[in-house]
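Open the model in your viewer and keep the selection panel at hand. This tour goes stop by stop.

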Amino acid sequence: MKNTQLALFPLPSHILPGGKLPLRLFEPRHLQMLKESFEQDRGFGIVMEEATSAGTAGRILPVGTRVKVTDFYTLNDGLLGVTVLGLDRFCIHSMTTDALGLCRAEVEPLPNWPSIHSDFSDDLLADRLREVFEQYPELDELYPDKQFEDATWLCQRWLEILPMPIYEKQMLIAKQNSEAARQFLRRLIAR
């Protein structure tokens with residue numbers, strides 16, 4: 001796999017491969033990012049951004065996920081809404097920001113986590129995630145084909161929705177497979 005350049009969309013949350021995320025796009029830089037992602041058929045990158053005490057944008061963390069748009073719609077306020085699908089992880093090597101404020105980065109693709117068949121020790125993770133989907137229909141609708149039998153899929157969905165410090169989340173996301181996340185989530189959910 002070779003390095004490539006991607007436009008970045010920094011967020012306080014994250015998406016992983018196989019994940020889906022609705023976004024509101026309204027700033028000129030977001031529309032330029034969207035335009036480039038279609039013209040070059042490469043998508044764009046979602047990265048976690050550290051929040052500062054002043055509420056302004058902070059440091060962009062190095063591991064992100066390349067996404068593609070799977071749906072467009074107009075939101076109630078008239079703004080553009082899109083749903084994106086996580087494709088693959090990447091690591092940022094260098095970054096620039098243009099006059100619109102759009103960040104672009106030279107990124108190195110990282111291999112996706114291999115699928116791991118869930119076993120009995122993952123039952124609680126799956127059961128609790130089913131409960132989350134039941135409580136949040138808008139999240140449930142994003143995943144018509146849920147893969148509860150895949151421990152990697154379970155871990156990725158949990159990491160997307162759990163409120164946790166971004167550096168802890170980034171550390172787990174940067175691993176070569178889902179095992180560290182799996183162990184962490186088993187301990188956390190079992191409490």
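Which residues does Thr-152 touch, not counting residues up to four places away in sequence? Select Trp-113, Pro-114, Ser-115, Ile-116 and Ser-178: these are the contacts of Thr-152, a contact being heavy atoms within 4.5 Å.

Before moving on, some ground rules. This is a predicted model, in which local features need pLDDT of at least 70 and side-chain atom pairs count only at pLDDT 80 or more, while totals for chains, interfaces and linings use all residues. Residues are numbered from 1 along each chain as its sequence is written, and side-chain values use heavy atoms, with hydrogens and water left out.

**Stop 1: Thr-152**

Stay on Thr-152. It is found in helix α4; helices (H or I, at least four residues) and strands (E, at least two) are DSSP runs, numbered from the N terminus. Thr-152 counts as buried because its relative accessible area is 2%. The scale: buried is under 20% relative accessible area, exposed over 50%, partly exposed in between, with a 1.4 Å probe and protein chains only. Now show the side chain of Ser-178. A polar contact of 3.1 Å joins it to the side chain of Thr-152. Such a contact is a pair of N or O atoms within 3.5 Å; within protein, one must be able to donate a hydrogen and the other to accept it, and residues adjacent in sequence count only if both atoms are side-chain atoms.

**Stop 2: the largest nonpolar core**

Select Leu-129, Trp-158 and Leu-159. They have the most contacts inside the largest nonpolar core, which has 29 residues. A nonpolar core is a set of buried Ala, Val, Leu, Ile, Met, Phe, Trp, Tyr and Cys residues joined through side-chain atoms within 4.5 Å. Color α2 (123–135), α3 (137–142), α4 (151–161), α5 (166–173) and α6 (179–189): these elements give two or more residues to this core. Apart from it lies another core, of 16 residues, with Leu-34, Val-67, Val-69 and Val-84 among them.

Zoom in on Trp-158. Leaving out residues up to four places away in sequence, it touches Leu-125, Arg-128, Leu-129, Val-132, Leu-185 and Ile-189.

Next, α6. Its buried residues are Ala-181, Arg-182, Phe-184, Leu-185, Arg-186 and Ile-189. Their cover includes α2, α4 and α5.

**Stop 3: the largest pocket**

Select Pro-22, Val-132, Tyr-136, Glu-138, Leu-139, Glu-141, Leu-142 and Ile-161. They line the largest pocket. On a 1 Å grid over the protein atoms alone, a pocket is an open set of points with protein on both sides within 12 Å along at least five of seven lines; lining residues have an atom within 4 Å of a point. Its volume is about 250 Å³, the space filled by probe spheres set on the points, which are joined across faces, edges and corners. Helix α3 gives the most to this lining, with four residues.

**Stop 4: a loop residue**

Where does Asp-41 sit? Go to the loop between α1 (28–39) and β3 (44–51). Asp-41 counts as exposed because its relative accessibility is 70%. Check its phi: near 50°, a positive value in a residue other than glycine.

**Stop 5: Thr-4**

Finish in strand β1, the place of Thr-4. Thr-4 is partly exposed, with a relative accessible area of 29%. Show Arg-42, Ala-105, Glu-106 and Val-107, which Thr-4 touches when residues up to four places away in sequence are not counted. Then draw a distance to Ile-46: the two C-alpha atoms are separated by 15 Å, with the residues 42 apart along the chain.

Note on methods: On a 1 Å grid over the protein atoms alone, a cavity is a set of points where a 1.4 Å probe fits but cannot get out, and a pocket is an open set with protein on both sides within 12 Å along at least five of seven lines; lining residues have an atom within 4 Å of a point.
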